[in-house]
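Work through the exercises below with the model open. Each task is followed by a solution in steps.

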Amino acid sequence: DKMPRFKQGDHPHGVGDWELEELLGTGGFGEVWKARNPNLPNGRPVALKFCLDKATASVLRNEAEMLGHVMQEGKRQPGIVTLLHTYLSADPPCLEYEYVSGGDLAGLIRELHRPPQELGPRLVEQATEMMRQLFEIVAFAHHLKPPIVHRDLKPANVLVQRSPRGKITLRVADFGISGIAATQSLAQHGNAASREQSMTASVKGTFTPLYASPQQSRGNAPDPADDVFALGVIWYQLLVGDLSKGCPSGMRWSERLIERGMPTALIEMLRACFEEEASDRPADAGVLADRLAAIFRAASQTQAARQGVASDFVCIEGH
């Protein structure tokens with residue numbers, strides 16, 4: 001709804017020698033740019049997050065402090081995008097992050113479902129592996145003391161890193177600023193006049209209310225169960241390929257997923273994420289990670305038992 005503050009080739013004052021190269025994203029708070037240092041031709045690019053809203057510029061300090069708390073735990077969670085430097089005295093204030101080059105999860109979801117395809121075992125496997133990564137990343141934040149609740153988990157805030165061999169690693173961004181951004185978005189999209197804008201945002205995977213728990217929508221205090229709800233929505237979108245859908249309703253959705261190869265145990269996990277009452281959902285992402293690991297173990301034991309029976313049968317026949 002407005003032109004960017006900066007343009008390609010700019011050297012914003014107060015952020016060192018960085019030269020803006022590509023606009024990565026815009027939002028209610030500001031802009032994120034890919035930048036390079038022209039004095040270091042072989043240097044790595046970074047992502048610069050500028051806060052253009054003077055009334056809420058203090059949230060960048062909150063974000064820096066929160067990520068500093070994460071780093072102080074003595075072990076960095078590689079799934080959280082690394083904060084490299086702060087320029088809080090610059091105008092506008094800015095945070096410098098490592099640059100993750102593979103786009104975001106919204107783009108990956110569109111890629112996985114292009115051309116449109118029926119859900120099958122391969123897609124279920126891919127979605128489950130990505131959710132395993134997200135559960136473990138978010139669980140790290142939930143298990144800090146005090147816990148850190150993201151409150152704006154959505155495909156646009158999950159960055160994709162690809163190895164030369166095509167392996168996909170997910171990285172979560174926007175810890176710290178996200179809860180305030182989500183609150184602003186909920187207020188902005190809470191009236192009928194903004195419905196068209198809301199749907200445009202949802203197709204891009206950035207429509208925050210799709211991922212907000214009932215408690216978050218009512219303005220309750222942050223709780224890890226809010227993130228559990230959002231993780232469930234992301235999981236469902238990975239499976240169906242539709243970024244405009246929030247949590248499903250009725251019964252047929254689960255039947256359709258089972259018909260297309262999703263194990264019942266995973267369906268039950270997914271369904272639990274959408275419970276209306278926060279106390280009925282898994283308490284945090286760590287519980288989700290543990291449950292998924294238990295399902296994997298049970299599946300491995302079942303497969304091993306079947307292979308053992310087959311091996312015994314071969315031995316008996318050979319004897």
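**Exercise 1.** How are helix 2 and helix 3 oriented to each other?

Solution. This is a predicted model, in which local features need pLDDT of at least 70, side-chain atom pairs count only at pLDDT 80 or more, and totals for chains, interfaces and linings use all residues. Residues are numbered from 1 along each chain as its sequence is written, and side-chain values use heavy atoms, without hydrogens and water.

Step 1. Locate helix 2 at residues 105-112 and helix 3 at residues 121-142; helices are DSSP runs (H or I, at least four residues), numbered from the N terminus.

Step 2. Read the geometry: the angle is about 170 degrees and the axes lie 12 Å apart. Axes are lines fitted to C-alpha atoms over the stretch in contact, and angles run from 0 to 180 degrees between N-to-C directions.

Step 3. Helix 2 and helix 3 are therefore roughly antiparallel (an angle over 145 degrees).

Step 4. List the contact (heavy atoms within 4.5 Å): helix 2 gives Leu105, Leu108 and Leu112, and helix 3 gives Leu123, Gln126, Met130 and Leu134. Six of these residues are nonpolar, one is polar and none is charged. Ala, Val, Leu, Ile, Met, Phe, Trp, Tyr, Cys and Pro count as nonpolar, Asp, Glu, Lys and Arg as charged, and the others, Gly among them, as polar.

**Exercise 2.** Which residues line the largest cavity?

Step 1. The largest cavity, where a 1.4 Å probe fits but cannot get out, has a volume of about 40 Å³.

Step 2. Its lining consists of Arg151, Asp152, Leu153, Thr208, Tyr211, Ala212, Gln216, Asp226, Asp227 and Ala230.

Step 3. Helix 7 (residues 224-240) contributes the largest share, three residues.

Step 4. Four lining residues are nonpolar, two polar and four charged.

Conventions: Helices (H or I, at least four residues) and strands (E, at least two) are DSSP runs, numbered from the N terminus. Angles under 35 degrees count as roughly parallel, over 145 as roughly antiparallel, 65 to 115 as roughly perpendicular and the rest as oblique. On a 1 Å grid over the protein atoms alone, a cavity is a set of points where a 1.4 Å probe fits but cannot get out, and a pocket is an open set with protein on both sides within 12 Å along at least five of seven lines; lining residues have an atom within 4 Å of a point. Grid points are joined across faces, edges and corners, and a volume is the space filled by probe spheres set on the points.
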